[in-house]
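Have your viewer open and follow along.

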Amino acid sequence: MADSRFFTVAGPFTLAQLAEICGAELSQPQQSGQVVIDVAALEIAGADHISFLDNRKYINAFTATKAGAVIVHPDLAERGPAGTPLLLSKDPYRAYAMVAQAFYPQPAPSAWVSPTAHVDSSAKIGANCWIGHGVVIGARAEIGDNCRIEANVVIGDGVVIGPGGTIGANATVQCAIIGAKVNIYPGARIGQDGFGFAMGIQGHLKVPQLGRVIIGNGVEIGANTTIDRGAGPDTVIGDGCWIDNLVQIGHNVQLGRGCVIVAQVGISGSCQFGDFVAAGGQAGFAGHLKIGSGAKVAAQGGVIRDIAPGETVGGTPAVPRIEWLRQSAVLSKLARNKR
Amino acid sequence: MADSRFFTVAGPFTLAQLAEICGAELSQPQQSGQVVIDVAALEIAGADHISFLDNRKYINAFTATKAGAVIVHPDLAERGPAGTPLLLSKDPYRAYAMVAQAFYPQPAPSAWVSPTAHVDSSAKIGANCWIGHGVVIGARAEIGDNCRIEANVVIGDGVVIGPGGTIGANATVQCAIIGAKVNIYPGARIGQDGFGFAMGIQGHLKVPQLGRVIIGNGVEIGANTTIDRGAGPDTVIGDGCWIDNLVQIGHNVQLGRGCVIVAQVGISGSCQFGDFVAAGGQAGFAGHLKIGSGAKVAAQGGVIRDIAPGETVGGTPAVPRIEWLRQSAVLSKLARNKR
Amino acid sequence: MADSRFFTVAGPFTLAQLAEICGAELSQPQQSGQVVIDVAALEIAGADHISFLDNRKYINAFTATKAGAVIVHPDLAERGPAGTPLLLSKDPYRAYAMVAQAFYPQPAPSAWVSPTAHVDSSAKIGANCWIGHGVVIGARAEIGDNCRIEANVVIGDGVVIGPGGTIGANATVQCAIIGAKVNIYPGARIGQDGFGFAMGIQGHLKVPQLGRVIIGNGVEIGANTTIDRGAGPDTVIGDGCWIDNLVQIGHNVQLGRGCVIVAQVGISGSCQFGDFVAAGGQAGFAGHLKIGSGAKVAAQGGVIRDIAPGETVGGTPAVPRIEWLRQSAVLSKLARNKR
């Protein structure tokens with residue numbers, strides 16, 4: 001049901017096909033041949049659509065839905081409308097993601113280089129790349145196969161971009177080595193000088209920033225996000241990290257695998273994150289901290305000390321979540337007693 | 001008195017003309033023919049200039065001004081210099097805005113398309129549009145009359161921009177339907193993928209973002225601000241919203257009419273704002289919240305629950321303003337007692 | 001040891017040359033002819049490299065280093081490996097900056113204007129400027145000697161840029177007068193309209209923004225940072241200010257000399273900063289405040305009152321640092337007692 005001006009739907013698919021695509025079990029195997037033409041939300045889906053239930057908040061919408069089929073956790077199956085075939089999955093949101101990707105696949109780029117793109121003669125462009133209008137690709141840069149470089153992107157000398165990447169319009173990349181299937185959103189800034197200078201009353205003096213940005217595979221980097229290159233060591237973003245819009249990542253920062261960095265987070269120079277760290281929106285990290293794998297920081301948290309693996313913290317300065325909640329409660333109570 | 005390298009002044013105007021333009025009453029009708037050539041601040045204005053007093057802090061500057069005329073609230077009229085004609089208005093700042101707009105009107109764009117703009121042959125460009133160098137306009141896009149699309153802007157396939165709009169240099173717009181007289185500042189990012197994925201240790205899996213960005217009439221969107229498109233539902237910005245620089249608006253967010261969103265605010269996915277909500281700089285909103293019409297959030301406030309219409313909150317987690325002030329006071333007192 | 005794909009090393013230099021470059025004293029004058037080919041970190045430096053020790057945290061790395069020479073404070077000289085020549089400096093980080101600049105000098109731009117740059121015929125371009133692909137330079141703009149204007153930058157009518165400046169790719173500059181040796185990073189937005197309007201239920205009304213942005217000499221402005229032009233007065237950035245990425249500076253703000261503004265700071269309209277003010281990451285300033293010279297604001301601090309010269313504050317609302325620490329301590333203790 002997406003606007004056809006912007007999205008092209010694939011399919012149709014039978015329920016059997018969709019169940020296989022997302023690894024779900026079909027509640028009514030006799031319906032395996034039923035045809036679905038699109039995804040849609042529970043409230044607006046019709047008999048030709050498949051929907052999903054992930055959040056118990058929407059259970060009434062599930063019960064009332066007119067969707068032709070619904071992806072749902074087995075435990076909630078009985079709450080569905082009588083007769084509606086279900087795709088049972090223990091991770092229904094992930095299953096929905098797979099089904100939606102089947103209906104709306106990322107189109108493979110068609111080989112095309114705009115006549116107004118400026119590709120240096122020493123750059124190597126892989127097979128099947130799409131290079132938009134006004135793109136600039138510097139000397140000795142290497143672009144892997146199947147990349148999509150959108151209009152007015154500027155890629156500096158020597159940059160390496162792995163296969164299957166997308167660089168959004170008006171983004172800039174310099175001094176960077178980027179893995180496969182990396183998706184950089186419009187306006188992101190990768191690889192510029194870090195904020196490095198020797199402070200002094202006689203004038204701050206720039207310290208040359210001699211490192212790079214190394215980005216792993218399958219990374220997403222949000223719109224207008226900034227990632228500075230290293231000062232000497234590299235700035236490193238591990239495989240599978242998801243970085244939202246307007247995030248700042250300082251020089252020498254290292255993120256492990258699968259970190260989730262929500263919008264407007266700021267990570268100061270030389271922080272080292274383990275794997276699967278999650279930072280809520282607008283959280284901030286002082287420099288040179290070690291944040292253990294699986295640690296979580298609440299939105300707007302201000303982290304000024306190392307965080308142990310798996311720990312969840314919040315507040316400024318950030319403390320373990322339970323303490324933070326207690327602080328809020330005790331402060332609230334004291335204020336109320338003053339009335 | 002603006003720098004003529006950057007601004008072209010219209011006029012001159014008589015006081016009678018200006019009073020009519022801004023709906024003010026002339027304190028000395030016999031002066032209605034007096035001519036004014038420009039606006040200027042109270043401190044620097046001369047006999048040819050009109051100034052204004054909006055903030056009582058500057059009342060001494062009013063009393064001492066050499067301005068040829070001053071826009072002022074009737075209650076403060078007597079504090080002006082003897083003999084200076086006044087334009088009396090109950091909303092002197094608004095009256096000043098109208099007078100300043102008369103002296104410095106937004107020039108209507110002249111019809112021109114740069115030979116280096118790339119306008120798809122299937123796009124429709126309205127009358128009297130100005131399309132700058134290096135602009136890219138995608139297939140089936142529709143640009144209304146009297147639009148100004150500045151250099152190196154990238155507009156995606158199918159985008160609709162209403163009449164009288166301005167898209168600032170190097171901005172990008174995709175998957176969006178935009179109303180009349182919308183002003184998008186340089187570097188803003190509209191309509192890219194929202195931050196939607198199924199998290200998992202085996203790798204986060206992207207959920208296709210199938211909604212749009214719908215922007216009403218008369219909206220301002222600040223420099224380098226990011227507005228993600230909806231995941232399925234649309235992201236909606238109501239008529240007359242003013243959004244400052246570096247703001248993040250997540251997928252599926254809905255803003256009512258006339259909301260004022262100050263710089264660096266972050267609004268997480270699926271929040272619903274009523275009309276005329278005001279969010280102070282760097283405030284943050286957790287996802288899926290309902291913020292009632294007329295609600296106000298103090299700068300840096302961290303909102304994690306619904307806010308009732310008209311309520312004013314502050315702090316993190318945000319509480320009613322009066323409680324927040326009390327919390328600050330009690331904490332400050334406790335800390336002082338510890339000395 | 002920087003990646004030669006991105007950086008070109010100068011030199012080699014003798015220790016005598018380097019000591020002179022950075023004003024250090026050579027611990028072993030008999031080694032003054034020893035040759036160094038590059039800079040490197042203590043841990044990875046070899047016999048051909050010079051390294052430095054600035055932070056006592058790394059003193060073990062100093063003791064164990066295999067570097068050919070090390071820049072260090074005289075007080076720590078004895079902690080170095082026996083026989084390693086030292087460059088003794090009371091400000092070793094600054095001395096390192098000078099040495100690193102010698103090895104990696106900013107290359108002077110070579111005179112070149114891309115055939116796809118759009119330079120208005122009335123613009124003046126100085127000697128030895130490098131103007132990249134897709135750059136737009138407006139009418140009557142003046143670009144000083146030795147400037148580097150990177151690809152897809154858009155410079156508005158009448159803008160003045162002093163000699164030796166760099167404007168990073170995809171940045172935009174309008175209504176601005178910029179001094180010598182200013183370095184604007186990719187995606188920065190300089191000189192767009194400030195956030196000025198008369199609020200009203202009948203619709204917010206734009207107040208024409210008639211001032212400029214005036215930037216001194218030797219200023220750095222980070223990636224995707226936004227600096228609005230003045231509303232009537234100018235927005236002014238003093239000589240030698242260092243502004244990090246994603247910073248918001250509102251209309252009419254004035255910064256003195258040498259201010260250090262870390263990433264994601266927001267400064268509301270009409271604030272006046274003295275010289276050498278330091279604002280930590282994500283700090284915010286309400287409008288119309290006076291911040292005295294040498295004042296410091298901790299990261300995430302929320303400043304809502306004037307700050308005296310030299311004062312250090314933190315927290316929201318920001319209070320003197322010592323009080324802020326006490327508040328955190330007392331709150332933490334109260335919360336602990338509740339267990």
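Buried area here is the accessible area (1.4 Å probe) that two parts lose on being put together, summed over both. This is a predicted model, so local features need pLDDT of at least 70 and side-chain atom pairs count only at pLDDT 80 or more, while totals for chains, interfaces and linings use all residues. Residues are numbered from 1 along each chain as its sequence is written, chains are lettered from A and ligands numbered from 1 in the order in which they are written, and side-chain values use heavy atoms, with hydrogens and water left out.

With that in hand, take chains A and B. They bury about 4700 Å² between them, and carbon and sulfur atoms give 61% of that. On the chain A side, A:Phe6, A:Arg94 and A:Trp242 supply 15% of the area buried against chain B, more than any other three residues. Counting contacts (heavy atoms within 4.5 Å), 52 residues come from chain A and 67 residues from chain B.

Now look at chains C and A. Their contact takes 52 residues from chain C and 67 residues from chain A. The area buried is about 4700 Å², with 61% on carbon and sulfur atoms.

How are the copies arranged? Two copies of a chain are related by a rotation about an axis and a shift along it. Superposing by least squares on the C-alpha atoms of residues with pLDDT of at least 70 in both copies, a rotation of 120 degrees with 0.0 Å of shift along its axis puts chain C on chain A, at an RMSD of 0.0 Å. The two copies are thus related as by a three-fold rotation axis. Chain A goes onto chain B with a turn of 120 degrees, a shift of 0.0 Å along the axis and an RMSD of 0.0 Å.

A cavity is a set of points on a 1 Å grid over the protein atoms alone where a 1.4 Å probe fits but cannot get out, and its lining residues have an atom within 4 Å of a point. Grid points are joined across faces, edges and corners, and the volume is the space filled by probe spheres set on the points. Searching the whole structure turns up one cavity of 30 Å³ or more, and the largest cavity has a volume of about 50 Å³. Its lining includes A:Asp193, A:Phe195 and A:Asp228 from chain A, along with C:Tyr185, C:Glu220 and C:Trp242 from chain C. By class, there are four nonpolar, three polar and four charged lining residues; here Ala, Val, Leu, Ile, Met, Phe, Trp, Tyr, Cys and Pro count as nonpolar, Asp, Glu, Lys and Arg as charged, and the others, Gly among them, as polar.

On to the sheets. Strands are DSSP runs of E, at least two residues long, numbered from the N terminus, and two of them pair if DSSP finds at least two bridges between them. In chain B, twelve strands form an open sheet of mixed pairing, in the order S8-S11-S14-S17-S20-S25-S28-S31-S34-S37-S39-S40. Strands S8 (112–113) and S40 (319–320) of chain B stand at the edges, each with a single partner strand, so one side of each is left without a neighbour in the sheet. S40(B) pairs with S39 (residues 312–314) of chain B in the antiparallel sense over two bridges, and B:Gly314 has B:Val319 as its bridge partner.

The loop between S39 and S40 of chain B holds B:Pro317, which a cis peptide bond joins to B:Thr316, with omega about -5 degrees. Another cis peptide bond joins B:Gly11 and B:Pro12, where omega is about 0 degrees.

How values were computed
Helices (H or I, at least four residues) and strands (E, at least two) are DSSP runs, numbered from the N terminus. On a 1 Å grid over the protein atoms alone, a cavity is a set of points where a 1.4 Å probe fits but cannot get out, and a pocket is an open set with protein on both sides within 12 Å along at least five of seven lines; lining residues have an atom within 4 Å of a point.
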